[in-house]
Amino acid sequence: MQYIPPNNLRGHDLAPLLAARGLPADWLEVNDFDPHSPQNIARHTYSEVANLVPFHYRTAVPTLPELRQWIDGLVVAAKEAQAERNSPIASVTHGPSLLLLGVTGVGKTYEAYGAMRELAVSGVRCRWQVTTAADLYAALRPRHGIDSEDEFRRYRDAGLLLVDDLGAEGKPSAFTEEVNFRLINYRYERQLPTLFTSNADAGQLRDRLGDRVTSRLREMCQRIAIKGTDRRRAA
């Protein structure tokens, strides 16, 4: 693990995230030069996550209790696995998944990026891949000079994966249904933690994703319905 100096994160509003973990605002400023210290792991992980979070969500903080419970569970599991392996680093490798449901603009993506940011400062190692469903399909469509299977494995094998706007395209095509099934079935069988958002309600999921995908999502994910109206219109 590379040592990351504390001043590399100056200018980031991390105090609310640390407070949610019960940590003081200056926790990340501990300069013990230990590459395996929780602080250095948090600095290292957050510096990676910050590159994945869009500018619009750079200050996102999760507000849903279920998201906090999910984060706590991943942290506990990572530390238990660390103790079993006698490893110098606690890493998120397995765990439950979440599906955030709600109409457009209620804050699903905000909550998802907030969860990424808070988990990043928890002191456990986590490696994220982030995509929208539309970008995922575009990246995997056959095209000259690109190995689609290699692209697929980047998402399939991610330690943690965020798929935003799952099912937004409406009724699936044969191509999107195959991608959805292969990705979700792989992560379902291996208990790889995945964070999905969708503007479909529970009754629409089957029509938009198909029976096989919906069945696996139902078993692998805790579903969280976010109520409200489109905040972007209000803004």
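This is a predicted model: local features need pLDDT of at least 70, side-chain atom pairs count only at pLDDT 80 or more; totals for chains, interfaces and linings use all residues.

Author: Residues are numbered from 1 along each chain as its sequence is written, and side-chain values use heavy atoms, with hydrogens and water left out.

Reader: What is the radius of gyration of the protein?

Author: The protein has ten helices and five strands; helices (H or I, at least four residues) and strands (E, at least two) are DSSP runs numbered from the N terminus. The globule rule, 2.2 Å times the number of residues to the power 0.38, is compared with a radius taken over C-alpha atoms. For 235 residues the rule gives 18 Å, and the protein is close to that value, so it is as compact as a globular protein of that length, with a radius of gyration of 18 Å.

Reader: What share of the contacts with a separation of 6 or more comes from residues 24 or more positions apart?

Author: A contact means heavy atoms within 4.5 Å. Among the contacts in the protein with a separation of 6 or more, residues 24 or more positions apart account for 81%.

Reader: Is Thr45 buried or exposed?

Author: Thr45 lies in helix 2, residues 38–50. Buried means under 20% relative accessible area, exposed over 50%, and partly exposed in between, with a 1.4 Å probe and protein chains only. Because its relative accessibility is 0%, Thr45 counts as buried.

Reader: With which side chain does the side chain of Thr45 make a polar contact?

Author: A polar contact is a pair of N or O atoms within 3.5 Å; within protein, one must be able to donate a hydrogen and the other to accept it, and residues adjacent in sequence count only if both atoms are side-chain atoms. The side chain of Thr45 reaches the backbone oxygen of Ile41 at 2.8 Å. At 3.5 Å, its side-chain partner is Arg125.

Reader: Which side chain is joined to that of Thr93 by a polar contact?

Author: Thr93 is placed in the loop between helix 3 (65–85) and strand 1 (97–101). Thr93 counts as partly exposed because its relative accessibility is 34%. Leaving out residues up to four places away in sequence, Thr93 touches Gln191, Leu192 and Pro193. The polar contact of 3.1 Å joins the side chain of Thr93 to that of His94.
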